There are 2 protein chains.
Amino acid sequence: MKKRLGIFGSTGYIGEQTLSVIDKYRDIFEVEVLTGFENFEKLISQAKKFLPNVVVIGNSDYYEIVSDALQPLDIKVYAGAEAIEQVAGMDTLDMVVMAISGFSAFKPLKTALENKTAIALANKECMVSAGEWIRKKALSTGTIVIPVDSEPSAIFQCLVGESTKDIDKIILTASGGPFLRLSESQFKNITPEMALRHPKWKMGKKISVDSASMMNKGLEAIEARWFFGLKPDQIEVLIHEEAIVHSLVQFSDGSMKAQLSITDMRIPIQYALGYPERLAGKTSGLDLAKMGSLHFEAPDIKKFRNLALAFEALKKGGNMPCILNAANEIAVQEFLQKNIEFIQIPLVVENCMKTISFISNPSLDELLECDRKGRKKAAEFIKTLI
Amino acid sequence: MKKRLGIFGSTGYIGEQTLSVIDKYRDIFEVEVLTGFENFEKLISQAKKFLPNVVVIGNSDYYEIVSDALQPLDIKVYAGAEAIEQVAGMDTLDMVVMAISGFSAFKPLKTALENKTAIALANKECMVSAGEWIRKKALSTGTIVIPVDSEPSAIFQCLVGESTKDIDKIILTASGGPFLRLSESQFKNITPEMALRHPKWKMGKKISVDSASMMNKGLEAIEARWFFGLKPDQIEVLIHEEAIVHSLVQFSDGSMKAQLSITDMRIPIQYALGYPERLAGKTSGLDLAKMGSLHFEAPDIKKFRNLALAFEALKKGGNMPCILNAANEIAVQEFLQKNIEFIQIPLVVENCMKTISFISNPSLDELLECDRKGRKKAAEFIKTLI
């Protein structure tokens, strides 16, 4: 029996990489569902290649085009956010690959969790905003949630066969992004084009900007808390420019484990899809002698203000990470549209963190409300900046 | 119930470190047996501190001194190699820590294996000479054999929760010892005093010389084959001068795992004693940001001729590793007594490998005979050199 996969957000960077892994292991995997939001052309061509049972296009405007293209292949086509949410609950799915970016992935993720379908989670905003709820739900339903991103995948791999109680701390490595060596004063000249050119990883736009501002590492820290059931002070960040050591775990006995590989997203994706098996071959190994050396340094949280804010939210807990994430999503969007400066992103985030009421034990409804409020507040604050 | 330990070779460096670990976890461990060979004073003082039930002094000349000193404490005292072999089979032992150096550890090790007592193995010569036999015996009796040495312990730790079939290769790191930066022409001036000053690890004499000649890494490669059930071409050596990454495993999917810690033998010893639990605290962690960088390079097997010979023996298999080990033990002994030069050690080893008959599938008796032959041949060849 092949493992039947639903790729949610298949037209994005992670979605495409996931399909390229699946393509190499057609004997193990088959595609049951593909969903995309805007890029109907790519969605159609993916569907023609992988022949899923169901395709959903998020933006209903493109429904007819997609439907017309795929009807001859006997592929069911739906449209709209609600359809995405519903197909995530299909019983024919063995695994949901959640590669939709942003908190909008939460509803289909929730559906998959409630249906006890194993989840390969590439999206980090959901874990950041509603991580405690997701962790509890996964534990109570016995649903496996495996990280896809390279850093939490590294931690996950270092922890197989180990006991969570033996974790002293985890250390998330960060390449430092394109602006690691820029002085603080040069930060004011950063354009979206500069922020999108990541030196190590090819990624989607949102995550590329987050990597450049190091908010990405802050989100990973919050996410890691709930992925691995840690306390905030058990999570550290370490700059490692080569992006070869993807993260480390320090155990209570002073021993440390690290996961390493070449910088290729297909490795953690393949691990998540194949878990608990490792799928042999088809990616190249790492030649440390050829590399010669690996470097490590402490992050500069004065320069990377977003990282400091994320750790503040991590420590504060409650709805604070949700506020941080919502504000950041809007700020990044506005930065990409050149409505605000790169250095204004943390101003937006900080403003929302300071002005939205803190709730220490938010319900799921309160978090969803807080997400809306955060976005609204961020948009309002941005208007005062323009 | 405390774990009852027998420390075989307690007066050597690893033995002492083992007792210092036990001393920190008196609530978990108790010492049932202590054995030493010559150093009766240290053995007596260890026995007074840890109050084992049984003490064995290898050299019978010291029996009365030890016996007189420990009788008032109601400690049973025996003497001689045969007694060491016999106490290894005591049913009151939960674990045997085999810290005797050289192939002379084989008989007590065999006894412990046949009695299905868990073994923490610090000795590598036994695995080198009779690894296949040990592996088969451990598997057929279901006896756990956990490595104590930092490199195989690193591999062992990287493999918990993983499947042996997913191993692509293992990479044993080597600090390179005191002569890493010496030119080949400078090798002829190496004295025992120089060879005993290891830059990273404080160790016993035999292993210090083996580290300086890199035979130690060759022995570890052969040992790793049987510890982890690998093929010879799955084992590599990588120079890593800082001795922080203790070894790595590359998996079939291109992902790699490494174990790291500060350079402190008590960490792998503690892991072996506590396995499958990690014992919390009491050693310091590692600060990678403070370290700044880690370096890796390929070994120079032309300069370190012993390493090339060991890999030759590893690939050839059969009785070849046993010959290599026996010849090396004698050569190191003669080097320490200043009877031969450092650069003559590989000449002795190579001569024995070339002149003693190869047996592809040796029985245990043939191996024991081969060990004797190797020592004899090495001693004879050394006479022609002096």
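Chain B and chain A bury about 3,300 Å² between them, with 52% of that area on carbon and sulfur atoms. I quote the area because the size of an interface is often given as the accessible area lost when the parts come together. Please keep in mind that this is a predicted model.

In terms of contacts, 42 residues of chain B touch 42 residues of chain A. Across this interface the rule finds six salt bridges. One of the pairs that meet in a salt bridge is A:Glu162 with B:Arg278, at 2.8 Å from N to O.

Which elements of chain B supply at least two residues each to the side that touches chain A? They are α7 (150–159), β10 (245–251), β11 (256–260), α11 (266–274), α12 (288–291) and β12 (293–295). The largest share, five residues, comes from β11(B). By class, this side of chain B divides into 18 nonpolar, 16 polar and eight charged residues.

The largest cavity contains about 200 Å³ of space. Its lining consists of 23 residues, and A:Glu151, A:Ser175, A:Trp201, A:Asn216 and A:Lys217 lie nearest its centre. Within that lining, α10(A) provides the largest share, three residues. The classes in the lining of the largest cavity are eight nonpolar, ten polar and five charged residues.

The second largest cavity has a volume of about 60 Å³. Of its 13 lining residues, the closest to the centre are A:Val245, A:Leu260, B:Val245, B:Leu260 and B:Leu294. Two or more residues each are given to this lining by β10 and β11 of chain A and by β10 and β11 of chain B. How does the lining of the second largest cavity divide by class, and what is its number of charged residues? It has 13 nonpolar residues, no polar ones and no charged ones.

Finally, the open spaces. The second largest pocket has a volume of about 1,500 Å³. It is lined by 48 residues, and those nearest its centre are A:Ala99, A:Ile100, A:Ser101, A:Gly102 and A:Ser104. Elements of chain A that give two or more residues to this lining include α1 (13–24), β2 (29–36) and α16 (364–385). By class, the lining of the second largest pocket has 20 nonpolar, 15 polar and 13 charged residues.

Key:
Residues are numbered from 1 along each chain as its sequence is written. Chains are lettered from A and ligands numbered from 1 in the order in which they are written. This is a predicted model: local features need pLDDT of at least 70, side-chain atom pairs count only at pLDDT 80 or more; totals for chains, interfaces and linings use all residues. Side-chain values use heavy atoms; hydrogens and water are left out. On a 1 Å grid over the protein atoms alone, a cavity is a set of points where a 1.4 Å probe fits but cannot get out, and a pocket is an open set with protein on both sides within 12 Å along at least five of seven lines; lining residues have an atom within 4 Å of a point. Grid points are joined across faces, edges and corners, and a volume is the space filled by probe spheres set on the points. Helices (H or I, at least four residues) and strands (E, at least two) are DSSP runs, numbered from the N terminus. Ala, Val, Leu, Ile, Met, Phe, Trp, Tyr, Cys and Pro count as nonpolar, Asp, Glu, Lys and Arg as charged, and the others, Gly among them, as polar. Contact means heavy atoms within 4.5 Å. Buried area is the accessible area (1.4 Å probe) that two parts lose on being put together, summed over both. A salt bridge is a side-chain nitrogen of Lys or Arg within 4 Å of a carboxyl oxygen of Asp or Glu.
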